[in-house]
Amino acid sequence: MASGGANYRNGTQRNSLKGTTTATDRQLSMNSNPSKAALKNKSLSSVGASSGLRKSSPGSLGGGTAKDDAGVPGRVRVAVRLRPRNAEESVADADFADCVELQPEFKRLKLRKNNWDTDTYEFDEVLTEFASQKRVYEVVAKPVVESVLDGYNGTVMAYGQTGTGKTYTLGRLGEEDTADRGIIVRAMEDILADVSLESDSVSVSYLQLYMESLQDLLDPTNDNISIVEDPKSGDVSLPGATLVEIRDQQSFLELLQLGEAHRYAANTRLNTESSRSHALLMVHVKRSVKGRELAHSSQNGNSTNMAKSLRPTLVRKGKLVVVDLAGSERIDKSGSEGHTLEEAKSINLSLSALGKCINALAENSAHVPVRDSKLTRLLRDSFGGTARTSLVITIGPSPRHRGETTSTIMFGQRAMKVENMLKLKEEFDYKSLARKLDIQLDKLIMEHERKQKAFEEEIERITTDTQNQISEAERNYADAMEKERLKYQKDYMESIKKLEEKWMMNQHKLGERKDQMASTAEEVAELQKLLSKETSLRKAAEEEVNNLKSQLAQLKMSEASANSEILKLRKMLEDEAYRKEKLEGEISMLQTQLLQLSFEADETRRRLDRGGPGKVLGGLDSLISQVRPQVNDSVNEEKASIANLFEQVGLQKILSLLEAEDADVRIHAVKVVANLAAEESNQQKIVEAGGLTSLLLLLGSSEDEMIHRVAAGAIANLAMNETNQELILSEGGIRLLSITAANAEDPQTLRMVAGAIANLCGNDKLQNKLRDEGGIKALLGMVKCGHPDVLAQVARGIANFAKCESRASAQGLF
Ligand code: ADP
Ligand code: MG
């Protein structure tokens with residue numbers, strides 16, 4: 001603020017005071033935040049020096065139920081505003097200094113008591129004559145308005161002598177110059193800017209209090225409004241006062257003008273001035289609190305959606321009371337209207353009562369005379385109550401009114417000591433909840449009625465349906481029953497009929513059976529007899545069988561012993577057979593040896609016979625006779641033994657020995673066969689038994705010279721027969737004989753081979769084959785041997801061949 005010389009009209013005084021005050025300046029500086037509230041200012045003058053956090057006594061202005069909840073300490077804030085000199089003062093007081101000097105930077109006011117003495121006072125705000133309306137609003141009222149918007153009650157009050165600018169400070173509409181707008185207009189602007197028109201509401205009442213009568217400035221006919229106090233909360237309300245809801249600034253201004261017009265009219269009618277009456281503007285701000293539901297629901301535990309929707313809204317109801325008090329000057333002093341003393345007392349009753357209350361509160365008096373006036377009743381919440389209160393005291397500069405100015409300052413100083421406990425005006429909006437519930441209830445009732453109706457209709461329908469179904473079912477049941485009954489009846493009748501038939505049949509059969517029974521009885525007796533007979537026969541047969549069985553067992557036993565006997569005998573027989581076989585083998589061996597001996601004896605004898613020189617054997621007979629054992633006395637016995645052997649052993653056996661493993665046995669066997677073949681009577685048998693074939697094989701397979709000689713001799717003897725000659729040829733005899741001749745060294749062997757071939761040469765049919773198979777060639781080949789026996793046989797063969805040749809040519813075969 002301006003700190004120029006204008007604040008100090010009397011420099012000397014200022015100087016004179018300077019020294020006395022400096023020491024306290026700092027420590028007395030104000031805490032601008034009202035809620036911090038520790039009252040630190042100390043009047044440097046006569047105002048009581050001690051002060052602190054006020055604790056209201058139960059009987060105080062702010063006591064009672066309103067204090068039940070913890071509040072925020074909030075001292076009444078007081079600002080002083082100095083009106084500039086007006087035109088008259090500028091003239092009349094031109095030679096005088098102002099009675100006050102302001103030190104806004106120190107928030108101090110110096111009051112001149114006289115030319116040499118000043119008192120210094122400290123205020124929450126010191127507003128000089130230059131202070132703008134805007135600044136005044138911000139300093140004095142704005143914190144209160146903000147509190148109201150937050151849900152607290154708030155009071156802005158102007159106190160001062162008539163003409164010092166109370167109405168100017170509070171009520172200027174600023175229509176000509178917007179800078180002139182007073183606190184009321186600016187407060188409403190701020191309120192409307194802050195509230196939401198959908199969820200919040202702002203409504204105002206405008207009243208005048210004159211001579212303890214409360215008049216409604218919005219409804220002039222309503223001139224005696226009663227004050228109602230809630231004994232519980234201590235809240236004051238005016239149910240009779242008109243409450244106009246404000247939605248915009250313009251309508252509010254119009255409402256203010258209307259109220260002002262009514263005030264003027266009323267004052268005219270009552271022959272009074274506005275300065276004698278108190279004007280009260282009440283602004284109710286109701287705001288619903290959002291974002292509190294959660295906290296609330298958690299307090300109440302689990303809430304259903306339904307319950308949630310039915311929860312009352314939390315609302316904050318702040319009330320701003322702006323009070324433009326009647327002039328604080330003493331009525332007798334102004335003395336203009338000529339009221340009686342009683343009237344004057346009545347006119348100022350409220351104001352003096354307010355002063356008393358403020359005094360009591362400032363002094364922490366046990367008794368605060370709230371009930372002494374309507375004004376104090378209306379303002380019980382503003383001083384010592386729960387509201388945030390800001391007081392502006394207005395003073396004029398004129399020394400002529402020093403007394404009034406002083407008393408105003410003293411009022412302000414005392415008011416600064418009043419401590420309020422700010423309390424949030426928050427509550428649940430049960431009314432609107434009840435309305436909501438009412439609406440919902442009505443909806444539910446309607447819905448219920450509709451559903452009830454529908455339900456009844458449904459029940460009726462179901463009943464009808466069910467009855468229909470029941471009767472249908474009953475019909476069906478009856479039909480089915482009837483059908484069943486008929487069926488059973490029919491079955492029953494049929495059964496009866498069948499039974500009757502059966503009975504009849506049985507009766508009939510019974511008759512027959514009775515007859516049968518008689519004959520049957522006889523039969524049975526007969527059969528029984530037969531049966532007993534059979535039984536006895538069976539028994540006899542069984543005995544017989546048992547007898548036979550025992551006999552059989554005995555027989556079996558004897559058979560077993562016989563069998564073992566047979567086995568023994570069979571064994572003995574086998575042993576005998578084996579011994580016999582062994583003996584036979586030995587016999588044949590002995591016989592073979594015997595044969596050999598006899599053959600060798602033959603040979604020896606023959607060699608002895610050929611002892612005479614030049615004796616040439618010619619012709620077939622001579623050869624045979626050589627091979628044939630000579631018949632003389634000495635060998636008759638031997639011949640007989642060979643014939644005997646032939647008979648005993650059998651030709652087959654002898655022939656089989658030709659193929660024996662043992663070479664000696666083979667030689668003996670060949671010799672035996674050769675001897676046998678010498679007998680003409682045996683030749684046929686030998687050939688038939690395969691002897692010729694065996695001899696030919698032996699000739700081919702053996703390499704033994706003696707075997708070759710003996711076998712060739714035997715073949716030569718057998719070759720005397722024409723049939724045998726052909727057989728020899730067909731079995732490859734020519735070739736075998738030729739090979740034997742080629743390989744032989746012994747002349748006797750060659751003699752036998754040549755003899756055999758010579759015999760073959762006598763057969764006409766074999767001429768060609770003999771020649772083709774090399775028989776003739778072999779025969780001729782043997783000539784080189786030179787032995788006379790061999791030559792003789794070769795000659796015989798050639799002669800035989802030549803005889804046949806000539807016979808053939810004679811027959812013209814060539
Ligand atoms: P009160 O209401 O206290 O009786 P008013 O507000 O009617 O006093 O003011 C009286 C006169 O002084 C009015 O003409 C008003 O315009 C003027 N006045 C008051 N305060 C101021 C001020 N601060 N600046 C200029 N004029 C003022
Ligand atoms: Mg006024």
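Biologist: Which side chain does the side chain of Thr155 make a polar contact with?

Modeller: That would be Ser382: the two side chains make a polar contact at 2.4 Å. Keep in mind that this is a predicted model.

Biologist: Noted. Where is Thr155 placed?

Modeller: Thr155 is in strand β7, which covers residues 154-160.

Biologist: And is Thr155 buried or exposed?

Modeller: Buried. Its relative accessibility is 1%, and the cut-off for buried is under 20%.

Biologist: OK, on to the ligand. Which residues are around ligand 1?

Modeller: There's Arg81, Arg83 and Pro84, then Gln161, Thr162, Gly163, Thr164, Gly165, Lys166, Thr167 and Tyr168, and also Arg172.

Biologist: How do the residues of that shell divide into nonpolar, polar and charged?

Modeller: Six are polar, four are charged and two are nonpolar.

Biologist: Which helix gives the most to the shell?

Modeller: Helix α4, residues 166-171, which puts three residues into the shell around ligand 1.

Biologist: What is 2.9 Å from an oxygen atom of ligand 1?

Modeller: A polar side-chain atom of Thr167. Backbone atoms come in as well: a polar one of Lys166 is 3.0 Å from an oxygen of ligand 1, and a polar one of Tyr168 is 2.8 Å from an oxygen of the ligand.

Biologist: How much of ligand 1 does the protein bury?

Modeller: The protein buries 66% of the 540 Å² that ligand 1 exposes when taken alone.

Biologist: Switching to the surface. Which residues form a nonpolar patch there?

Modeller: Leu780, Val783, Leu791 and Ile798, and together they have about 280 Å² of accessible area.

Biologist: Where is Leu791 found?

Modeller: In helix α26, which spans residues 788-811. Leu791 has 32% relative accessibility, so it counts as partly exposed.

Biologist: What about Ala808, where is its place?

Modeller: Ala808 is in helix α26 too. But Ala808 is buried, at a relative accessible area of 11%.

Biologist: Last one, Gln249. Which helix does it lie in?

Modeller: Helix α6, residues 249-269.

Biologist: What lies 3.2 Å from a polar atom of the Gln249 side chain?

Modeller: The backbone oxygen of Val185.

Notes
Residues are numbered from 1 along each chain as its sequence is written. Chains are lettered from A and ligands numbered from 1 in the order in which they are written. This is a predicted model: local features need pLDDT of at least 70, side-chain atom pairs count only at pLDDT 80 or more; totals for chains, interfaces and linings use all residues. Side-chain values use heavy atoms; hydrogens and water are left out. A residue is near a molecule or strand if one of its heavy atoms lies within 4 Å of it. A polar contact is a pair of N or O atoms within 3.5 Å; within protein, one must be able to donate a hydrogen and the other to accept it, and residues adjacent in sequence count only if both atoms are side-chain atoms. Accessible areas come from the Shrake-Rupley method with a 1.4 Å probe; for residues, only the protein chains shown count as cover. Helices (H or I, at least four residues) and strands (E, at least two) are DSSP runs, numbered from the N terminus. Ala, Val, Leu, Ile, Met, Phe, Trp, Tyr, Cys and Pro count as nonpolar, Asp, Glu, Lys and Arg as charged, and the others, Gly among them, as polar. Patches are made of residues with over 30% relative accessible area and no salt bridge: like charges are joined within 9 Å, nonpolar side chains (Val, Leu, Ile, Met, Phe, Trp, Tyr) within 5 Å. A salt bridge is a side-chain nitrogen of Lys or Arg within 4 Å of a carboxyl oxygen of Asp or Glu. Buried means under 20% relative accessible area, exposed over 50%, partly exposed in between (1.4 Å probe, protein chains only).
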